[in-house]
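Open your viewer and get ready to click along. At each stop, select the residues named and look around them.

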Amino acid sequence: MKRNNGLLASIILVLSLLLCACGGEPQAQGGSGENYRTEFTEEELENGHASFQMEERIAVDADITPRSFYENGLSSYYLEVISEPGSEDEENFVKNVTFSSHSYDEWEKLLNRLQKGRLKDREFKLNRSNYQLKNGKYRGENGRTYTVWAGWSGWSKKYGLDSNFNTAGATLVPPKGENFELDNTILKIEGNFRDYGDYNDLDFLQDPDETAEKIRKFLEDFSGRKIHEQYKFVPAGQKNLERLHELAEKEDSFLSELMENDMDKRIGEFIFYYDIDGLPFKDFGLNYFLQGDETASKLCYWNFSSQGTLVAISEHEQKVCVDEKGLLEMDISNYRKPGKVYKEKRTVTEPDKILEQVKTYYGRKLVLENVVITDMELAYTGYFSDASEGEVQPTITPVWVVTVYDEAGKTSRGKTFVYDALTGECRVEGQTVIY
């Protein structure tokens, strides 16, 4: 009996020690493993934001597309290239040129809503050799004379299309000397600083929201299409330019030198997207590699594709830049939109399954720094039909886009993951975007 009592006492002692150890203070980085989780709560999926620790070095502090946007399923579509009305009759179209379905006078009225002024000439003129609109001038009441440029594709039949002219892009460029490679600079600010919009660089706009709505209305009238409510404003003010200079000194391999006389600029760029089923239509440059005897339609090669590689066709961002004097420059387009339904509404892959794939990616890596998942967004983008259904066709399909930064994230270039929202299949995994 004494031996049994001694054994019982030993067992009790071991259990007590274990219980004490488990009851200690939680560890750093989210506490012990029991405090980690890999799934979103119902409330997070509804509200569109989640914050929790997945593993010791992997955290979630992300905005998520709310469930209400996809709970009834999403469709995918064949891509349609937009053509100018009446362009099938080339001779008649050259005499009565329209741009994005608008006459010259209508185009002037549209510009007037954005920046008051007048077009110098009284008609569009099309240069048949390069299918471009002859450069025009728009004299703004703000003292600027802008160069107006527009172009069409003249190679429609090469890509199997019926019409001779398909809408391309339009630009409005300020006088020489007022542009400091703005688009390139905006890309660098947006691509290298997560908090580019935190500075008070909007003070030259009396009402930024009102300006944004004015631009949105202009883009909708120009295109005849809905513009998504999501937009970005990227300021290229002094503080952000100073940060670029500092970064260029450290990593001049990917940042060209900025001119010192640009440091007093106070400029911002509004970026909008077309709307498809309540989601933004974005370009992620997805590739498709033809296998074996797979073939693709002519239109698949519209976007600089080679014979064996297809580059997905998406719509460009709609960009409008402003400064203290009002409109600075503009780069807009109305190329592509959804055509016939490719796949009827299907259930969207749940964010939990997407999150698990990202976790698996980092599980294959040696994660030395803490990383944070900052965004899980649903968007539409260009991709391709299933080759097993016959000749590959360009489509517009919904995707989950995940962005991951290191924990500091001040100057980090984040990693991007793209997943087919209807199948869960990975299209891009851990791609670092460098501008």
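Start by selecting Tyr361 and Tyr362: both are buried in this predicted model.

Tyr231 and Phe272 form a stacked aromatic pair, 5.1 Å centre to centre with 25 degrees between the planes. Tyr231 lies in strand 10 and Phe272 in strand 11, so this pair ties together parts that are 41 residues apart in sequence. Colour the two by accessibility: Tyr231 counts as partly exposed at 28%, whereas Phe272 counts as buried at 0%.

Now select helix 6, residues 208-223. Which of its residues are buried? They are Thr211, Ala212, Ile215, Arg216, Phe218, Leu219, Phe222 and Ser223. These cover an arc of only 160 degrees around the axis, which puts them on the same side of helix 6. Turn to the other side to find Asp209 and Glu210, which are exposed.

At the start of helix 6, a side-chain oxygen of Asp207 reaches to within 3.2 Å of the backbone nitrogen of Asp209. Just after the helix, Gly224 takes a positive phi of about 70 degrees.

For a last stop, select Arg225, which lies over the face of Tyr274 at 3.8 Å from the ring centre.

Key:
Residues numbered from 1 in each chain as written. Predicted model: local features only at pLDDT ≥ 70, side-chain atom pairs only at ≥ 80, totals over all residues. Heavy atoms only, no water. Helix = DSSP H or I, 4+ residues; strand = E, 2+ residues; numbered from the N terminus. Expected span 1.5 Å × (residues − 1). Buried < 20%, exposed > 50% of the residue type's maximum accessible area, 1.4 Å probe, protein only. Arc of directions from axis to C-beta. Polar contact = N/O pair within 3.5 Å; in protein donor to acceptor, adjacent residues only side chain to side chain. Phe/Tyr/Trp six-rings, centres within 6.5 Å; stacked < 30°, edge-to-face > 60°. Lys NZ or Arg CZ within 6 Å of the ring centre and 35° of its normal.
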